[in-house]
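This briefing is for a reader who is new to the structure. The sequence and the 3D view come next, followed by notes grouped by topic.

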Amino acid sequence: MKEKLQEIQNKGVKEISSATDLKVLDEIRVKYLGKAGELTQILRGMKDVPPEERRVVGILANSVREKMEIALSEKLAELENAKLLADMEKEKIDITEPSTGIKRGALHPLTRFNNKFIDLCVEMGFTVIQTPEIETDYYNFEALNVPKNHPARDMQDSLYITDSILMRTHTSPAQVHAMETLKPPFKIVCPGRVYRNDDDSSHSPIFNQFEALVIDENVSLKDFMIMVKEMAVRLYGKDVKMRVRPAFFPFTEPSIEIDATCQMCQGKGCSLCKGTGFSEFFGGGIVNPRILEMSGVDSKKYSGFAFGPGIDRSVMVTNKIPNIKYLFRNDMRFLKQMR
Ligand code: PHE
């Protein structure tokens with residue numbers, strides 16, 4: 001009996017250690033320790049062992065079972081671990097493989113310029129306001145000293161909804177709204193869309209302007225020029241050059257037109273700037289005291305300056321866009337190039 005047990009142990013442990021997969025290992029377990037297993041049979045047959053040997057044989061049989069159980073569980077852990085490693089190897093991802101790329105959206109070039117200009121104005125202490133795109137004749141013209149017979153009021157230039165209601169032709173009505181509602185001193189900027197009956201490669205019926213208005217005591221043309229210079233430097237860099245030309249707007253007196261280094265050729269001279277090295281930055285001037293009075297601002301105490309850059313031209317120049325219409329078509333082929 002003792003020899004039989006020893007033989008089972010040797011054979012069993014050897015088979016366990018040479019098992020190469022989980023299925024085989026389980027078959028070995030059944031073969032020795034299952035209900036009809038070799039060792040189970042022996043343990044069941046203990047009653048036939050002579051009483052004087054039973055104790056010793058019993059101890060030996062239990063130790064054999066224990067050894068085999070340990071060998072089985074060690075092998076099980078080993079095989080399971082090997083299987084896990086093999087599975088991991090199969091599912092391995094090659095992180096060095098070139099990716100197919102992530103598709104990303106981007107801000108529209110007009111939005112980018114708008115954000116840049118708004119940030120700049122906010123840094124300089126301006127409050128951003130928004131006023132209606134559909135205006136009355138009063139806010140768009142009358143309150144800005146544009147006389148009844150002014151050509152801008154013509155149906156040919158403005159998009160009327162009724163006889164006295166139209167799409168604003170500029171953001172300047174924001175000046176009137178601000179003066180009527182805010183208590184001086186104040187600095188406002190109003191970005192927004194404006195509408196004119198104009199249509200060719202450099203004009204679109206919809207375009208974008210900014211309106212800036214500063215009202216305070218003792219505001220002069222010099223203050224205006226200092227601020228404009230600072231804005232040009234922040235937008236175009238410290239080497240920017242500026243030049244000033246006299247202009248006319250019914251709501252500013254004096255009125256000026258300011259040019260800055262052409263951003264297409266960096267001042268060298270190109271077809272866009274007609275060889276001058278300058279392109280239009282914006283128009284503005286000292287607020288006509290008549291305008292202040294009409295909107296309820298005391299023109300003896302307060303003065304101010306206003307200016308209104310158009311942004312579409314700047315965006316076209318800085319992004320080398322040949323036709324203003326591209327800015328409004330939302331053609332993906334164009335937008336992708338603008339990222
Ligand atoms: N509103 C004017 C235009 O559309 C620009 C402007 C704004 C001029 C403010 C003076 C002051 O051309």
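This is a predicted model: local features need pLDDT of at least 70, side-chain atom pairs count only at pLDDT 80 or more; totals for chains, interfaces and linings use all residues.

Helices (H or I, at least four residues) and strands (E, at least two) are DSSP runs, numbered from the N terminus. Residues are numbered from 1 along each chain as its sequence is written.

**Overall form**

- The chain has 12 helices and nine strands.
- The C-alpha trace spans about 135 × 45 × 45 Å along its principal axes.
- The radius of gyration, taken over C-alpha atoms, is 44 Å for the chain, whereas a compact globule of 339 residues would have a value near 20 Å. The globule rule is 2.2 Å times the number of residues to the power 0.38.
- Buried residues (under 20% relative accessible area; exposed is over 50%, partly exposed in between, with a 1.4 Å probe and protein chains only) make up 41% of the 339 residues.
- Among contacts (heavy atoms within 4.5 Å) with a separation of 6 or more, 65% join residues 24 or more positions apart.

**Nonpolar cores**

- A nonpolar core is a set of buried Ala, Val, Leu, Ile, Met, Phe, Trp, Tyr and Cys residues joined through side-chain atoms within 4.5 Å.
- The largest core has 36 residues, and Phe126, Met231 and Phe281 have the most contacts inside it.
- Elements giving two or more residues to this core include helix H5 (109-123), strand S5 (206-216), helix H8 (221-236) and strand S7 (252-261). H8 gives the largest share, seven residues.
- A second, separate core has 24 residues, including Phe141, Ala143, Cys190 and Tyr302.
- Beyond its neighbours within four places in sequence, Phe281 is in contact with residues including Val228, Ala232, Ile258 and Pro309.

**Cavity**

- A cavity is a set of points, on a 1 Å grid over the protein atoms alone, where a 1.4 Å probe fits but cannot get out; lining residues have an atom within 4 Å of a point.
- The structure holds one cavity of 30 Å³ or more. The volume of the largest cavity is about 30 Å³, where a volume is the space filled by probe spheres set on the points, and grid points are joined across faces, edges and corners.
- The lining of the largest cavity consists of Phe113, Phe117, Leu235, Tyr236, Phe281, Pro309, Gly310 and Ser314. H5 and H8 each supply at least two of the lining residues.

**Backbone details**

- Most residues other than glycine have a negative phi, and most peptide bonds are trans.
- Asparagine 218 lies in the loop between S5 and H8, has a positive phi near 55°, and is exposed at 70% relative accessible area.
- Asparagine 330 lies in the loop between helix H11 (326-329) and helix H12 (332-337). Its phi is near 55°, a positive value, and asparagine 330 is exposed at 52% relative accessible area.
- The peptide bond from proline 184 to proline 185 is cis, with omega near 0°.
- The bond from glutamate 253 to proline 254 is cis, with omega near 0°, and proline 254 lies in strand S7.

**Two loop residues**

- Threonine 131 sits between strand S1 (127-128) and strand S2 (134-136). This threonine is buried, at 15% relative accessible area.
- Aspartate 21, in the loop between helix H1 (2-18) and helix H2 (22-33), is partly exposed at 34%.

Methods: Side-chain values use heavy atoms; hydrogens and water are left out. On a 1 Å grid over the protein atoms alone, a cavity is a set of points where a 1.4 Å probe fits but cannot get out, and a pocket is an open set with protein on both sides within 12 Å along at least five of seven lines; lining residues have an atom within 4 Å of a point.
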